[in-house]
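The sequence and the model follow.

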Amino acid sequence: MYFDWMMKMYLGKDTPRGDLAGDMKRSGDFPRCDDRQRLLRYLYSKNACDEAIGLFKRSFRDYEKSGQKMKPLQDESLMTTSRCLK
């Protein structure tokens, strides 16, 4: 998941992405999913600044390129299960 990837790659680093990872962890309710639109809605609901939104978009793109993004469910019996934990 994007959250886990950000924690692994950037938490504790003195960089803009490190700051974003820290904010994500401190929030306590950052969605644990790979749904880009849902994550954007969350950030907008928290009144994230334009810089944070842009940083999220760039980091999410890099996350997708990393190959660690969860693959879509193939088992139809699981299709009704939400991919987001929050």
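P16 is exposed, with 51% relative accessible area, where exposed means over 50%, buried under 20% and partly exposed in between, calculated with a 1.4 Å probe on protein chains only. This is a predicted model, in which local features need pLDDT of at least 70 and side-chain atom pairs count only at pLDDT 80 or more, while totals for chains, interfaces and linings use all residues. Residues are numbered from 1 along each chain as its sequence is written, and side-chain values use heavy atoms, with hydrogens and water left out.

P16 belongs to helix α2; helices here are DSSP runs of H or I with at least four residues, strands are runs of E with at least two, and both are numbered from the N terminus. The C-alpha atom of P16 lies 8.7 Å from that of A52, although the two residues are 36 residues apart along the chain.

Which residues of α1 are buried? They are Y2, F3, W5, M6, M7 and Y10, and the elements that cover them include α2, α3 and α4, a contact being heavy atoms within 4.5 Å.

For α4 the packing can be described in more detail. The axes of α1 (residues 2-10) and α4 (residues 50-65) come within 11 Å of each other and cross at roughly 95 degrees; such axes are lines fitted to C-alpha atoms, for helices over the stretch in contact, with angles running from 0 to 180 degrees between N-to-C directions. The two helices, α1 and α4, are therefore roughly perpendicular, a term that covers 65 to 115 degrees, whereas angles under 35 count as roughly parallel, over 145 as roughly antiparallel and the rest as oblique. On the α1 side the contact is made by Y2, W5 and M6, and on the α4 side by F56, S59, F60, D62 and Y63. By class, the residues of this contact comprise six nonpolar, one polar and one charged, where Ala, Val, Leu, Ile, Met, Phe, Trp, Tyr, Cys and Pro count as nonpolar, Asp, Glu, Lys and Arg as charged, and the others, Gly among them, as polar.

Just after α1, G12 adopts a positive phi of about 90 degrees. The C-alpha atom of G12 is separated by 7.0 Å from that of G22, ten residues apart along the chain. G22 sits in helix α2 and, at 9% relative accessibility, counts as buried.

**Charged and polar pairs**

Side chains of opposite charge can pair when their charged atoms come close.

| D62 | R17 | 2.7 Å |

The salt bridge of D62 with R17 joins helix α4, which holds D62, to helix α2, which holds R17, so the pair ties together parts that are 45 residues apart in sequence. D62 is partly exposed at 26% relative accessible area, whereas R17 is buried at 16%.

D23 and R26 are both in helix α2 and, being three residues apart, are separated by about one helical turn. D23 is partly exposed at 44% relative accessibility, while R26, at 62%, is exposed.

D29 is partly exposed with a relative accessible area of 30%, and K46 is partly exposed with 45%.

D34 is placed in the loop between α2 (16-27) and α3 (36-45). D34 counts as buried at 10% relative accessibility, and its side chain is joined to that of Y63 by a polar contact of 2.9 Å. A polar contact is a pair of N or O atoms within 3.5 Å; within protein, one must be able to donate a hydrogen and the other to accept it, and residues adjacent in sequence count only if both atoms are side-chain atoms.

**The loop between α3 and α4**

N47 is found in the loop between α3 and α4. Its phi is near 60 degrees, a positive value in a residue other than glycine, and N47 is exposed with a relative accessible area of 68%.

How values were computed:
Salt bridge = Lys/Arg side-chain N within 4 Å of Asp/Glu carboxyl O.
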